[in-house]
Structure formats: C-alpha cells, structure tokens
Amino acid sequence: MLSGLAAQTASLCSIAALCEIFMNPFTYSRATDVDQAVAEVSGKPHGKFLGGGTNLIDLMKMGVETPEALIDINRLPLAQIEELPGGKGMRIGAMMRNSDLAEHDLIKSRYPVLSEALLSGASPQLRNMATVGGNLLQRTRCYYFYDPAFPACNKRKPGSGCGAIEGFNRIHAILGQSEQCIATHPSDMCVALAALDAIVRVRGPKGEREIPMTDFHRLPGDTPERDTNLQPDELIIAVDLPAMPFATRSHYLKVRDRASYAFALVSVAAALDLDSNKTIKAARVALGGVAHKPWRAEKVEKELAGKQADERTFRVAAEAELAAAKGYKHNSFKIELAKRAIVRALSSVAAME
Amino acid sequence: MASESDVPFDSEADGLSELSILGYPETRRKFIKQVAGTSAAIAIGPNLLSAASLDQAGATSAGDAASDSVKVNLKINGKGYALDVDPRVTLLDALREQLHLTGSKKGCDHGQCGACTVLVNGRRINSCLSLAVTHEGDEITTIEGLANGDELHPMQSAFIEHDGFQCGYCTPGQICSAVACVKEGHANSDDEIREWMSGNICRCGAYPNILAAIKEARSKTA
C-alpha cells in the first residue's frame, strides 16, 4: 500500500513523464537518395537528418534539440562496407549500424581497436540502432548542456555562461578546454577513428569533400556551440579507414564507473608498429573522455618513435601528453588516470602477438 | 508476461486520495490518459496520444500547429497495421497508446533502462528512442508476440521457472532482449551474458535468476 506522499510523487512523476514525450512539432520526410536528402536539408535551416535517433530523439525529448524538419535517412543505401581499390583501406557507409561494424570480420581482424571501441559503447540495443554517421555527431553528456533547467551553458545557449567550470565537473575535460566550455566528447568509436587516421566523407550542395577525422571535431574556443566542422547542409556519407597494417596490433581501453554501459571517464585507443626487437617504429594513440574532441595524442606518438616498447618509455610519453592538462574541482583525478591508462593500453598492445 | 503488471496502484489504497481529487482513481494508465484530457493536454498537444485520448482532449487547442500526421504500415507480431501517427510518436508510444500492446514498458523513456526493448526485423532496439514513422514495412515483435498460442516461448518459461523477476516491470524488455542475445550468439558464458544484457536494468536485482533463466533457455532456443 502506498503512502499518500508516495502516491502524490508517483502521480507527479506520471505527469512529468508525459510532458517529457512531447517535442516541438516538426515536419517529417523520408529521403530515398543522397542528393535528395541534401537538397531537402539545404532549404531548411533548422532541418536535421534522422539516423538511428539514439541521441537526437533523446535530446528532442529533453528540449535541447528543436529541429523544424527531420529528414529520415534510414533508407539511404549507405549501410555497406567495402574495400578501397589498390589495398588503400576500407570505406564504411555512414548508415552502417554500430553493431554491424563492430562484428564485421575485416574490422575485427584489421582494426581490432575500432571493434573494441564500438563494443565498449552503449548497449546492444543502442548499437543496433546507432549509425556511424550519427556516432560522429553525438553531443556531449555534460549535465549542464543536457538539461535546459540549468540556465548556463554556452554550448546550448551561447553567451549564457558555463555551469560546469564552477559546478560539478567530474566528467569534464582536462585538455583543450576554454573559458567558455569544458565539455567532453562522449564517443568511443571516434577515439578509435582518430587513432586510425580515418577520413570523413561528406556531401553538400556543392559536392563531396573529405575531412580528416582529427579536423572533424572542434575544440570549444569561443564557439562551443559548434561541435564539428560539418556544415548544416552537409551529409556524412562514409568514413574511410586508410590501410594500416600494424593496426592488427591495436587495442581500446575504456575506464569507467561501471563495468559496462557507461561513458568513459578516460579511454585510450592505441596501435603500435614494432620491429622484432620491440623497438617502436610508429605509434597511433588517441584519448577519449579528456577533451571536447577525440584527443589525438601526438606528443605520445612523437615520444615513442624509435624507443623501446617498455613501461618506462610509455610513462615518459604519457607525462609529456598530460603536461598541459588542467583539472577542476572534481576531475583532477583524470590527469593521473589518463597517464596510467596510456601506459596500460600501450603495455597491452606491446604484449600482443 | 503481457499482463497488466504496469498498474502499480491498488485502487482501494488510502494513498490514492490525490488521484481521487482529479476524479480518476482507476489505474495509472487511465490516469495518464485522463490527464491528457485536462489542461495538461494544452501544453502537450493532443496528437501525441491515442485516438481514445484524443476524444478526451478534443475540447483543448494545441496552441501551436502540431506536426501533420503521417501514415505508416507496421507488421506487429505477424499482423499488419496501417497507422496514422504524429511523427513525434515513438514506436513505444504507438504500441502502448494506439495499439494497446502494453507489454512493452516505459521505464526511463531515454534509452537507458531497456524496459521498452522490442525486436525490429529480428534485432533488439529501444523502442522509446525510435520514431514510429521510421518503421514503415518493418516487422516488429513485442513480448505479446513471442508465445505460440498458449505455449510460452522457452525464454518466458525459463523466466518463470527461475524467478527471473520480482516486480516484473523490466521483464518484457529483459525477455525480448534475452531472446535476441541468444540468437546473436552472445550467451556463451556467464560473463558474456552479463555484458550483452547490460542494456536491461532490473531495479529489483533479479540478475542472478535472469542469468539462470537465459542459460536454461539458451539450450532450448539455440
């Protein structure tokens, strides 16, 4: 039997639940080919493409995203994966679902870091829905961004301030942040793509262009409302993975509050090219959970080149990358955590056959 | 599994006086629909709710132009449905509010709990984060569609056998998810089952029994 208070709370919750389901009205259309989809969004400044919807629909329910038009791209023929001619790598269609990409035999064998990153994210249900293109466009899970009840968020409402800098900032950035925004990018997949030198292929009204993964996402600077360099009338059509033979020796390490189904506090995507004496010929390393974009760890890579693959080398490299890190009241632990995660991830990769 | 287990209120309970003030003490679901017929619906916009609710909301005005409704054909549990839905309606709300298939549950409504899990073309998804209009022509299986007549699906039987629930609210989602988990080949060890069932939260903590149920059903459904 419920107490009066419990019943009242329950009834209020019911109303709250109802209120949550309403979104601003929008027009809906189904695109049948890429050019039509691009043409359709071009005439609608507040239009958005709808893929898996796992982030966009959620943000629309929260009132953070309020598109006037949704162009459903789920039927576009962009869900395939193909080898690029001349052994140049692989092309992943933007509408490929995260689960299909993660379980693809060639991805598992040639780019295990990407498969592991995908499988470490979200849940099986969400991975069945989420697309590669949509994953690139995930928005931050910063509490102050995600809940419009918080008045200050420069990303949601430019000029309103940042609730996180003086607030609860445990999940926030330690690298590349600005006075305007200390949000982090939440994707795991993107961290692996950054390490793998992936290229994002997009189509707009003027045709196609390529955006290197490391230039796709932005640091917040004075325009934290812009997550990426994609234009509003451009559609992501594919992601190219250049051939990287040594990526067979790669790994994704994700550190989080729960064993599963949680965003990264810190994550590391790492690949090592080793000679027979375990000397590092080349390294590819990117960090997640530390910055407004997947953080390509160039200082680590530079520090590792030509050195012996051992824990001491890894620690020196990690120190170099995090030297410029800045922590806040609740997230300073991430600086040491990131260093240790880099060492552990690289040690795992070095130990791989 | 498809019973009215989402009616947590005993209508005779003393604590329902707050609901009684509104004059609708029957059930939570009815309560929600009735609220839609009151002033709350002005803010909500009437087209989100089922035809039954629409009647009740008929006296209200939406204030802004609601999204135009869109026709969508769904095949649910083997039966074809032609629906007219507001594009804002999620698959979960279409199932529950328009088709009265209330087995699929609304837990968090944000893709975090898995109570709304259904199978679309054989794959498990969170129906709360998927707009109904995007499922034109899709084959959808809900908890109501798993049994073969009176014969329960082996996963349903195993959940009963192993007490894979306490309150039962997460159970339809757990079972749909578990059926897919086995079919995907992700139920080969205890740890693998735990990882691949992590998208379904059970607040009663029936996890050990859910695990046992899946292990038993695995051999019967594989």
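The axes of helix 6 (residues 154-161) of chain B and helix 9 (residues 207-221) of chain B come within 8 Å and cross at roughly 150 degrees. Angles over 145 degrees count as roughly antiparallel, and helix 6 of chain B and helix 9 of chain B are therefore roughly antiparallel to each other. The crossing of helix 6 of chain B with helix 9 of chain B is right-handed. On the side of helix 6 of chain B, the contact is made by B:Pro154, B:Met155, B:Ala158, B:Phe159 and B:Glu161. Helix 9 of chain B contributes B:Ala213, B:Glu216, B:Ala217, B:Lys220 and B:Thr221. By residue class, this contact of helix 6 of chain B with helix 9 of chain B comprises six nonpolar residues, one polar residue and three charged residues. The model is predicted, and the values reported here for both chains are computed from it.

Helix 9 of chain B also packs against helix 7 (residues 171-184) of chain B, where the two axes come within 10 Å and cross at roughly 45 degrees. Helix 7 of chain B and helix 9 of chain B are therefore oblique to each other. The crossing of this pair is right-handed. From helix 7 of chain B, the residues B:Gln174, B:Ala178, B:Cys181 and B:Val182 take part. They meet B:Ile210, B:Ile214, B:Ala217, B:Arg218 and B:Thr221 of helix 9 of chain B. The residues of the contact between helix 7 of chain B and helix 9 of chain B divide into six nonpolar, two polar and one charged. B:Ala217 and B:Thr221 of helix 9 of chain B are listed in the contact with helix 7 of chain B and in that with helix 6 of chain B.

These helices belong to a chain with nine helices and five strands. Along the sequence of chain B, the elements follow the pattern α-α-α-α-β-β-α-β-β-β-α-α-α-α. Chain B has 222 residues, of which 47% count as buried. Among its contacts between residues at least 6 apart in sequence, 53% join residues at least 24 apart.

The five strands of chain B form an open sheet in the order 2-1-5-3-4, with mixed pairing. Strand 2 (79-85) and strand 4 (123-126) of chain B stand at the edges with a single partner strand each, so one side of each is left without a neighbour in the sheet. From one strand to the next, the twist of this sheet averages 40 degrees. Strand 3 (residues 117-120) of chain B runs antiparallel to strand 4 of chain B, and four bridges join the two. Within this pair, B:Val118 has B:Ile125 in strand 4 of chain B as its bridge partner. Helix 7 of chain B packs on the sheet and touches strand 3 and strand 4 of chain B. The direction of helix 7 of chain B makes about 40 degrees with that of strand 3 of chain B.

Chain A contains an open sheet of five strands in the order 4-5-8-6-7, with antiparallel pairing. The edge strands are strand 4 and strand 7 (207-212) of chain A, each of which pairs on one side only. Strand 4 (residues 81-84) of chain A is joined by four bridges to strand 5 (residues 89-93) of chain A, and the two run antiparallel. A:Leu84 has A:Gly89 as its bridge partner in strand 5 of chain A. Strand 4 and strand 5 of chain A form a hairpin with four residues between them. In the turn, A:Gly86 has a positive phi of about 75 degrees.

The bridge partner of A:Val202 in strand 7 of chain A is A:Arg209. Helix 2 (residues 34-42) of chain A lies across strand 6 and strand 8 (235-242) of chain A. Helix 2 of chain A runs at about 125 degrees to strand 8 of chain A.

Elsewhere in chain A, A:Val343 lies in helix 14 (residues 333-351). A:Val343 has 20 C-beta neighbours inside 10 Å and therefore counts as buried. Leaving aside residues up to four places away in sequence, A:Val343 touches A:Glu311, A:Phe314, A:Arg315 and A:Ala318. A:His172 is 171 residues from A:Val343 along the chain, and the C-alpha atoms of these two residues are separated by 21 Å.

How values were computed:
Residues are numbered from 1 along each chain as its sequence is written. Chains are lettered from A and ligands numbered from 1 in the order in which they are written. This is a predicted model: local features need pLDDT of at least 70, side-chain atom pairs count only at pLDDT 80 or more; totals for chains, interfaces and linings use all residues. Axes are lines fitted to C-alpha atoms, for helices over the stretch in contact, and angles run from 0 to 180 degrees between N-to-C directions. Angles under 35 degrees count as roughly parallel, over 145 as roughly antiparallel, 65 to 115 as roughly perpendicular and the rest as oblique. A crossing is left-handed if the near helix is turned anticlockwise from the far one by less than a right angle, and right-handed if clockwise. Two residues are in contact if their C-beta atoms, placed from the backbone, lie within 7 Å. Ala, Val, Leu, Ile, Met, Phe, Trp, Tyr, Cys and Pro count as nonpolar, Asp, Glu, Lys and Arg as charged, and the others, Gly among them, as polar. A residue is buried if 20 or more other C-beta atoms lie within 10 Å of its own, exposed if 12 or fewer, and partly exposed in between; C-beta atoms are placed from the backbone. Two strands pair if DSSP finds at least two bridges between them.
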